[in-house]
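Let's take a friendly walk through this model, from overall fold to one helix contact.

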Amino acid sequence: MKRLPHICKIEVMDKKADRQFLKNIPEDFPLNIEPYDVLAKNCSMKTEDLIIRLKDMIKAGTIRRIAAVLYHRNVSYICNAMVVWMVDEKEIDEIGKEMSLFPEVSHCYERDTGGYWKYNLYTMIHGRSKKECIEIVKRMSKQTGITDFKIFFSKREFKKTSVRVTNE
Amino acid sequence: MHLDDIDRKILNLIQHEFPVTKRPFSHIAKAIGIEEKDAFERIKKLKERGIIRRIGPVIERKKIGYVSVLCGLYVEKDKMEEIAHAINTYAGVTHNYERDGELNLWFTVTAKTKEEIDSFLEGLERMFSVKIYRFPEKKVFKIKTYFPV
């Protein structure tokens, strides 16, 4: 019982240290043949240490991955749809995993219904056209047996960025 | 936009992972069967051409103590731009889309505390006389944007 607050404190400090570290890591790496050397210099670290730190954070899940993010509209994926599904609470793990297997699904979350409606599973779908998105939704519905859903097609993108780590 | 087979291979590979190693372009080149310099030049061009938005870390917000929430609201057509821009001014807003449907403006907001988010949302509700519905996450099944090209 006595140890619990102690552990929590360490965790909070880790998070703070991670935030401090990430603040110095740009969301878009410099175009350099050895980009980690540039990052290391900015962090006043050795390249090897920076690489170890990044790898540790990937292992811990703090960094989901280091990867390229595309402008999806420029690679023909001009249509995105948010589809909300009503799924029985008891089945939601199974259905959520099943829907996640569709490569066209980029995000799949169980969410609170917000006191607004009954939809509790939220998926983001990307396609080259509205028609293609509808086909994907039909396949998802057929495969999972979930027939109560709503589709919200995107009309205009006002903002799309990634999470920024701000000053403490 | 024209992409040749090598461009496609590079894009499909680095969407999964950009190598965390001293010479990442050498790893990419080896996997595809080209020279390091060639891999670097192609990726540079793909960024300049607006195909690659960024190469960098995808951060798990929760693990660094951030909270986030999906929000949806109904906005009258003639107010759409004004409200959308007011939402955008907040740094914690990462996505903001006009959509077809009964709730026609959807955005996600991330901050260090739930209180910060609430005060931002309550401010918007007062300023524009709108009701913002909050859909906080309960469980993440998947977050991975991958566009095979």
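## Fold of chain B

Which pattern does chain B follow, read along the sequence? Chain B runs α-α-α-β-β-α-β-β-α-β, with five helices and five strands; helices (H or I, at least four residues) and strands (E, at least two) are DSSP runs numbered from the N terminus. The radius of gyration of chain B, taken over C-alpha atoms, is 20 Å, well over the 15 Å given for 149 residues by the globule rule, so the chain is more spread out than a compact globule. That rule is 2.2 Å times the number of residues to the power 0.38.

This is a predicted model, in which local features need pLDDT of at least 70, side-chain atom pairs count only at pLDDT 80 or more, and totals for chains, interfaces and linings use all residues. Residues are numbered from 1 along each chain as its sequence is written, while chains are lettered from A and ligands numbered from 1 in the order in which they are written.

## Domains and extent

An automatic or database assignment gives chain B domain 1 (5-48) and domain 2 (61-136). The C-alpha centres of these two domains lie 37 Å apart. Along its principal axes, the C-alpha trace of chain B spans about 60 × 35 × 25 Å.

## A helix contact in chain A

In chain A, helix α2 (residues 35-42) packs against helix α3 (residues 47-60) with their axes 8 Å apart, at an angle of about 95 degrees. Axes are lines fitted to C-alpha atoms over the stretch in contact, and angles run from 0 to 180 degrees between N-to-C directions.
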